[in-house]
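Subject: Handover of a structure, with findings

Dear colleague,

Please find below the sequence and structure that I am handing over to you. My findings follow directly after it.

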Amino acid sequence: MAAALLQFRVLSGNPPSLAQVQTPVIAEWARQGRLGNVDIVARTQNWDALLPLQVRAAVQHDGKYVAVPVNVHRLNWLWINTSALERAGASVPSTWQEFFDTAEKLKRAGFVALAHGGEQWQDHLLFQTVALGVGGGEFYVKALLEFDPAALSSLTMEQVLLTFRRLKQYTQPKEPARRWMKASEMLINGSAGMQFMGDWAKPTFTGAKARSGWAFHCTAAPGTAQYFLFATDAFAVFRPDGAEAARAQLDFAGVAMSAPVQTSFNLAKGSIPVRLDMDARSFDHCGVIAVQAYRRAAHNGNLIPNATVSARRDVEQRIPAITSAFWRDGRITPQTAMKRLVQAVRQHP
């Protein structure tokens, strides 16, 4: 609804000054010449030095800053109920074999080993996490960002799909429409042991910890510790209607990228500052881990965009539909799923 309203306003000549939109939408409006820029502020605050190359690519067009990033989310998190893990006699996993060992122990102890929702985007986010953990960064980029048919039909993709499907036996499939918050509540109420989810889940966990002393553990998803699978929330800057609107856009950009706002906003959001120079001491243990991982990944070239927000617009809805269908229907073979992935890409070159 919000996206449709934004499109109507822009096309009717009445765009907002700023709008929070996904990365491909920013690029789309920029290609149509609908966006202005905040380069004056970006030069003053030296955004080129503050932002990693991968983030700059998401908010620039033709070398100009056409959007204002306010945070960065890490998507490849595994959240764990500490008490459940202890009661099951299990340990925090770092590999997929360790994960399945832990899941088995949780299951035998009477827990739902893996809390998972039932929305298509959740299925696909889990698939992306598995693809990164099983295949590694180079495979992830080729398969889910570049849509390389060879990668999509490879033995590595087959292993990704088999690992992805194996996870389902440790979930509770009775509520197919479960939202992610309900899955997080399963960890909090003690019925589930683990959940794969982005860091927007952290405020739910920290709130429960503050109320009851409930304890949780955060760690990178198996096989992904060296990577930072990210999404950034950003505000597109539409062409201003007059000098006053232009000044307001610049004021917003300067404040949003300032250190105090980057800290306060992200402490509440569960994400971390998009700036590389931020002091992490105000953040909790998971936040500090995320900041360190972000800097390390940016330095080592392991900062990887979320496929859902970086994929070509013509196929970005087709890929999640295929991976979600594979998750939901056990009759679909990995070979069939791979064939459908390749067809989805080739139909939309």
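I begin with an aromatic cluster, which is formed by Trp-77, Trp-79, Phe-205, Trp-214 and Phe-216. Please bear in mind throughout that this is a predicted model.

One member of that cluster, Phe-205, is also a contact of Ser-184. Ser-184 belongs to helix H11, which spans residues 180-188. The relative accessible area of Ser-184 is 0%, so this residue is buried. Apart from neighbours within four places in sequence, Ser-184 is in contact with Gln-195, Ala-201 and Thr-204 as well as Phe-205.

Aromatic pairs

A pair of aromatic rings is described by the distance of the centres and the angle of the planes. With centres required to lie within 6.5 Å, the model has 20 aromatic pairs. Two of these deserve a description.

In the pair of Phe-164 and Phe-326, the ring centres are 6.4 Å apart and the planes stand at 15°; because this angle is under 30 degrees, the pair is stacked. The two residues come from distant parts of the chain, 162 residues apart: Phe-164 is in helix H10 (residues 155-167) and Phe-326 in helix H17 (residues 318-328). Both Phe-164 and Phe-326 are buried.

The pair of Phe-228 and Tyr-294 has its ring centres 5.4 Å apart and its planes at 55°, so this pair is tilted. Phe-228 is buried at 0% relative accessibility, and Tyr-294 is buried with a relative accessible area of 1%.

Charges over rings

In a second case, the charged end of Arg-166 sits over the ring of Phe-100, at 3.8 Å from the centre.

Helix H17 and its contacts

Helix H17 makes a contact with helix H8 (residues 120-145), and the two axes come within 8 Å and cross at roughly 90°. An angle of 65 to 115 degrees counts as roughly perpendicular, and H8 and H17 are therefore roughly perpendicular to each other. On the H8 side the contact is made by Gln-120, Asp-123, His-124, Leu-126 and Phe-127, and on the H17 side by Ile-319, Pro-320, Ala-321, Thr-323, Ser-324, Trp-327 and Arg-328. Sorted by class, these residues are six nonpolar, four polar and two charged.

Pro-320 of H17 may be considered individually. At 7% relative accessibility, Pro-320 counts as buried. Leaving aside neighbours within four places in sequence, Pro-320 is in contact with Gln-120 and His-124. Pro-320 and Glu-244 are 76 residues apart in sequence, and their C-alpha atoms are 42 Å apart in space.

H17 also packs with helix H18 (residues 334-346), at an angle of about 170° and with the axes 10 Å apart. Angles over 145 degrees count as roughly antiparallel, and this is therefore the arrangement of H17 and H18. From H17 the contact involves Arg-318, Ile-319, Ile-322 and Phe-326; from H18 it involves Pro-334, Ala-337, Arg-340, Leu-341, Ala-344 and Val-345. This contact has eight nonpolar residues, no polar ones and two charged ones.

Residues in loops

Most residues other than glycine have a negative phi. Which phi does Asn-46 have? The value is positive, about 60°, although Asn-46 is not a glycine. Asn-46 lies in the loop between helix H3 (39-45) and helix H4 (47-50), and counts as partly exposed at 42% relative accessibility.

Phe-147 likewise has a positive phi, near 55°. This residue is placed in the loop between H8 and helix H9 (149-152). Its relative accessibility is 3%, and Phe-147 therefore counts as buried.

Lastly, Ser-282 is found in the loop between helix H14 (259-269) and H15. Residues up to four places away in sequence aside, Ser-282 touches Thr-263 and Leu-267. Ser-282 and Thr-263 are 19 residues apart in sequence, with a C-alpha to C-alpha distance of 7.7 Å.

With kind regards

Notes: Residues numbered from 1 in each chain as written. Predicted model: local features only at pLDDT ≥ 70, side-chain atom pairs only at ≥ 80, totals over all residues. Heavy atoms only, no water. Phe/Tyr/Trp six-rings, centres within 6.5 Å; stacked < 30°, edge-to-face > 60°. Helix = DSSP H or I, 4+ residues; strand = E, 2+ residues; numbered from the N terminus. Buried < 20%, exposed > 50% of the residue type's maximum accessible area, 1.4 Å probe, protein only. Lys NZ or Arg CZ within 6 Å of the ring centre and 35° of its normal. Axes fitted to C-alpha atoms, helices over the stretch in contact; angles between N-to-C directions. Parallel < 35°, antiparallel > 145°, perpendicular 65-115°, else oblique. Contact = heavy atoms within 4.5 Å. Nonpolar A, V, L, I, M, F, W, Y, C, P; charged D, E, K, R; others polar.
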